[in-house]
Structure formats: C-alpha cells, structure tokens
Amino acid sequence: MDIVESHVAFGGRQDICRHASSSTGTDMTFSVYVPPHEDGVRLPVVWYLSGLTCSHANVTEKGEYRRACAELGLIFVAPDTSPRGDDVPDDPQGSYDLGLGAGFYVDATRSPYATHYRMWSYVTEELPALIEQEYPADMQRQSIMGHSMGGHGALTMALGMTGRFRAVSAFSPIVAPSQVPWGQKAFGAYIGEDRGRWRHHDAVALVEDGARMSDILIDQGDADPFLEEQLKPELFAAACKRAEQRLTLRLQPGYDHSYYFVSTFMADHLNWHADRLGADPFGTGAGHAG
C-alpha cells in the first residue's frame, strides 16, 4: 500500500492510498481519515460507499465528515466505486450508469466485466483486511453508510452479511435496483438475466427474504430529480413495515441529490453510527463495549 497524500485535519490524518488489488486485478485508490487518538487504541470504522460517477474523492473533498469523526473517534474509509485502468471495460455506449464509476458493489459474472468488476469482494473482504493491517481499526466495531448507488451497496452489505456491521444508514439510496432502470441495466450486464440472482443485491428483496438489522436510517431529499424513477424509498418503507424491520426514513424538504444534501446531514448520521458503535469521543478506547 502506498500513501500518495497525507494531510493533518482536525488533529487527525487524512490519507489517500493506492494499492494493487487481487480482487479487481487493478490498482485501487481509497481514502482513510484517522481521528486523533491515544497510542495503542483501536477505533471503530465507518465505511462510506459512493454513488454513480463518483470515486473516493467526492466524499473526501465534499462530505464534511472530518470534524465529526475527530470529535467522535471514528475512522472513516471511502473506497472507489469501480475498478479503473486502460484494460478495464467501460460501457460500450459511453453512458454514466454502467462501467467505470458504476460498479454497483457486486461481483460481476458476465463478460467482459467478470475479470475486474468484483467490488463486493473488494469492499467486504480485501479492503477490510488491508485497513485492519495498516490502521488502528477495531474490526469488531464496523458500520456502513452510502449515497445513491453507495446507499444500495451499504444496505445490501449490512442486510446480506449478518453480524458484520453494527449500523447502516444511507442518503438517497437505490433501495430496489431490481425494479428501476439503473439497477436493471447494471444487474443484467454484470450478473445476467436470472432475477433470482439479483435478490442478494436488492435491499427490498433482502428484507422480504428475512434479512434484518437492529435499525436503519435513511435521509432522502424531496427535490431529488431521481426520487420517483430510480430511488423509490416508499418500496423499502413498505417492505420494512410488512417485516416489522425498524426504519427511520426522513424526507428532507427542498434537498436534492448532491453533496450539498449529503454534507448537511453527514454529522447527524455519524453521531447515529457512533452511538451504535460504542465510539469514544476522546480517543482513549474507553468506549469499547465489546
């Protein structure tokens, strides 16, 4: 792993890192913020998954999370959204919602994407092992959050990996990719037309099939241009109600799909995660409940 940038922020350290990934067969870049803390302390980890067209850089530069993470004692990790490189296939039509920047947090099984597009394995297996090795991360205290396509990834990883994450939240998530154009296009290209295989990567289907979290937090702007066609939070709310899955869904008036929206509610989400992670605001390790 190479640290290509490192900056002091709010008493902690913001790193931008690059490494050769065995999952994707490419170099991958990610960012890690480590808050100020005492030597020897292991800190809880919040994973943040980004949306279509984004990389690690969007939230790193616009997410406004560092002050809250420094105050709460949280490590914040932001992976990329897809493999990248000259040999990585993109959408032949050149659209933004498939290929580069649009990995959808699945392991592709169809050509030409199967070789490199293995974002599920990368985010859930390879990168956590690297973070545990290189940073003071307490991997018994992990939570996950995301925006749009990344909200889809966060929800499906939390619901699909029982016990891995103590908390999950999302901004404007794609909650039912099997039922909307973005997800149908991506799943068809990456996984194939067998819709039974899509259910593991669909938050609504996972809840219908019995997956549970202690509670879930979602914020959604009511001025989001993708709300009615692509996001459909009402489908997830209905599935959670039927399953008696605890959900807090907040429709925020006037907010759109941008990082102006995400950054507004970022600290609120991080406080929500910290409560469930047993985070220590002084970085002494005293908050460890496990």
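This is a predicted model: local features need pLDDT of at least 70, side-chain atom pairs count only at pLDDT 80 or more; totals for chains, interfaces and linings use all residues.
Trainee: How many bridges join strand β4 to strand β6?
Mentor: Two strands pair if DSSP finds at least two bridges between them. Strands β4 (residues 43-49) and β6 (residues 137-147) run parallel, and the number of bridges joining them is six.

Trainee: Which strands of the sheet are the edge strands?
Mentor: The sheet is open and mixed in its pairing, with nine strands in the order β1-β2-β3-β5-β4-β6-β7-β8-β9. An edge strand here pairs on one side only, and that applies to β1 (2-9) and β9 (247-252).

Trainee: What angle does the direction of α4 make with that of β6?
Mentor: Axes are lines fitted to C-alpha atoms, for helices over the stretch in contact, and angles run from 0 to 180 degrees between N-to-C directions. Helix α4 packs on the sheet and touches β4, β6, β7 (168-171) and β8, contact being heavy atoms within 4.5 Å. With β6 its direction makes about 140°.

Trainee: How many residues of α4 are buried?
Mentor: Buried means under 20% relative accessible area, exposed over 50%, and partly exposed in between (1.4 Å probe, protein chains only). The buried residues include Met 149, His 152 and Leu 159. Helix α4 is largely enclosed by the rest of the structure, because the buried residues among its twelve number eleven.

Trainee: Which residue forms a salt bridge with Arg 141?
Mentor: A salt bridge is a side-chain nitrogen of Lys or Arg within 4 Å of a carboxyl oxygen of Asp or Glu. Arg 141 is buried, at 2% relative accessible area. Its closest N and O atoms in this pair are 2.8 Å apart, and the partner is Asp 138.

Trainee: How many residues apart in sequence are the parts tied together by Arg 199 and Asp 209?
Mentor: Arg 199 and Asp 209 form a salt bridge, with their closest N and O atoms 2.9 Å apart. Arg 199 lies in the loop between α5 (181-190) and α6 (203-208), and Asp 209 in the loop between α6 and β8 (216-221), so the separation of the parts they tie together is ten residues.

Definitions and conventions
Residues are numbered from 1 along each chain as its sequence is written. Side-chain values use heavy atoms; hydrogens and water are left out. Helices (H or I, at least four residues) and strands (E, at least two) are DSSP runs, numbered from the N terminus.
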